[in-house]
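Here's a quick tour for anyone meeting this protein for the first time. Have a look at it before reading on.

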Amino acid sequence: MYPTPEELFESFSNHRPEGKLELVEGHLVVGNTIAGSRLLLRQVLQGWRADAAIALAPMDLWIEALKVGFNLPSSTEGDRFSVLQDLETACADVEYQPENLIPGEGVANYPYHPHHGVRQYLSTCLHGVAEDLGGRSFGRDFAMRLGENGFTPDLMFFKSKNLNQLYSWYLNGPAELVVEVLLSGHEYCDRIAKRDYYATSGVPEYWIVDPQRQQIEFLRLLEGQYESQVPDEDGWYRPSSVPGLAFHSSSLWDEENWYGRRSQPKLFVLETEPQSFQRIQGIESAQWGSLPFAPHLQLEPTSIQFDEYVSWCPPAKFEFFDGKPQISYKQGTKQVLGLLLMTFGLASAVKVLPPQAWMQALRQRVLLAQQDEQRKAEWWQLAQQAASVLRERFDIQRVGVIGDLVCPQPLNYWSEIKLVVWKMDRRSDLDIYKALSAMSEEPKIQLINVEKDYLTAEEKEAIEGAIAI
């Protein structure tokens with residue numbers, strides 16, 4: 001039903017999608033393709049199990065999703081147990097065939113792949129001159145908002161004036177220069193789809209870098225359309241949207257330059273007097289955690305709004321540990337999963353796993369609900385023990401509990417013991433972490449320092465109603 005951790009590690013290492021999380025037409029697009037989104041959904045569910053998704057929507061909705069997704073009988077007579085029993089019988093007759101979701105070339109386990117190396121070298125060199133040009137350069141994980149879409153180019157340069165406005169978590173409007181580095185199998189996205197989006201949205205200079213062919217296409221926006229440009233007679237290319245910047249690609253293709261193992265020749269030079277970056281102050285907008293995480297899950301796909309994308313989508317840090325894929329740790333994985341379920345809708349999402357996996361998760365949810373009173377009592381006892389440790393060993397006198405443990409709803413797959421503390425010495429962070437980890441591996445005990453940690457809007461609201469222990 002599920003691959004072993006070793007099998008999943010092999011799959012994730014060699015065939016995971018490229019590390020990009022973008023919002024395109026209301027969908028979370030992973031690694032430049034919707035196939036990459038679906039592949040990541042399957043890999044996350046194979047590692048975290050169907051239980052991780054079941055916890056994010058009502059059971060009745062999942063039951064309906066299984067019926068629609070696998071074309072099962074639609075009878076809903078009887079109690080919950082009878083419905084699940086009938087559904088499980090119907091699932092046994094499904095001949096499940098997994099989808100082929102391998103998108104293009106796998107590069108995840110090869111750090112010196114030309115795509116990674118060229119992107120890293122370009123980013124390092126542009127960053128070195130960006131501020132002297134009166135701007136900034138960012139790589140992935142910083143979104144460029146174009147309408148209701150959120151793109152994360154491999155590299156972009158902007159000045160936060162006229163064309164665009166810099167906010168804490170994204171750039172609003174087209175950057176003066178956008179660079180995408182091609183990856184085999186994803187050429188359509190960069191050469192066609194993004195080219196059209198960038199042109200329509202007014203990105204004045206768009207470069208498409210092809211490491212395999214060792215070529216760069218310089219595109220300049222003229223009267224609403226991109227036209228190819230060539231370097232000047234001296235071999236340097238000078239983008240019209242960034243006066244004073246010159247670029248030469250002669251050293252870009254040399255692998256020895258990619259990761260700074262020797263003195264890196266400059267790709268970019270400044271041909272004007274240095275300027276200072278002056279950010280135009282604007283009213284802050286959406287940022288990480290500014291909206292409570294509450295994905296809108298239905299049978300059919302649900303459009304993701306830009307503010308939801310910025311608030312819920314973590315950095316595209318794809319890792320594998322504890323036997324499963326991780327996207328910016330547990331909370332990031334949970335929220336990416338929710339966004340992917342919105343992207344595909346539940347009736348389609350269920351098809352990435354065998355129906356028996358979903359039935360097992362549904363039965364587990366029913367069982368945990370039946371045991372909820374006992375589990376909450378045990379968790380409360382553990383929370384009180386943790387509070388005693390914090391007071392006696394670390395002199396933290398004010399401790400509170402927030403999260404699922406203080407809510408009337410049953411604990412779920414993602415629930416943790418969340419303690420909030422005041423007046424904590426940050427020098428004790430590591431010792432406190434070790435002490436709490438030694439007390440319990442499952443459930444995990446999460447500690448939030450009210451006065452020091454970055455707090456999401458959801459956490460701020462919960463802290464106001466924290467229960468002291």
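What follows is a short walk from the overall form to the inside.

## Before we start

This is a predicted model, where local features need pLDDT of at least 70, side-chain atom pairs count only at pLDDT 80 or more, and totals for chains, interfaces and linings use all residues. Residues are numbered from 1 along each chain as its sequence is written, and side-chain values use heavy atoms, with hydrogens and water left out.

## Overall form

The protein has 14 helices and 20 strands (DSSP runs numbered from the N terminus: H or I of at least four residues for helices, E of at least two for strands). Its radius of gyration is 25 Å, close to the 23 Å from the globule rule for 469 residues, so it is as compact as a globular protein of that length. That radius is taken over C-alpha atoms, and the rule is 2.2 Å times the number of residues to the power 0.38. Along the principal axes, the C-alpha atoms fill a box of roughly 80 × 60 × 40 Å.

## Inside

Of the 469 residues, 51% are buried (under 20% relative accessible area, with a 1.4 Å probe and protein chains only). The largest nonpolar core holds 63 residues, and Leu21, Leu40, Trp62, Leu341 and Trp358 touch the most other members. A core here is a set of buried Ala, Val, Leu, Ile, Met, Phe, Trp, Tyr and Cys residues joined through side-chain atoms within 4.5 Å. Helix H9 (residues 329-344) gives this core its largest share, seven residues.

Apart from that core lies another, of 26 residues, including Phe157 and Trp207.

Definitions and conventions. Buried means under 20% relative accessible area, exposed over 50%, partly exposed in between (1.4 Å probe, protein chains only).
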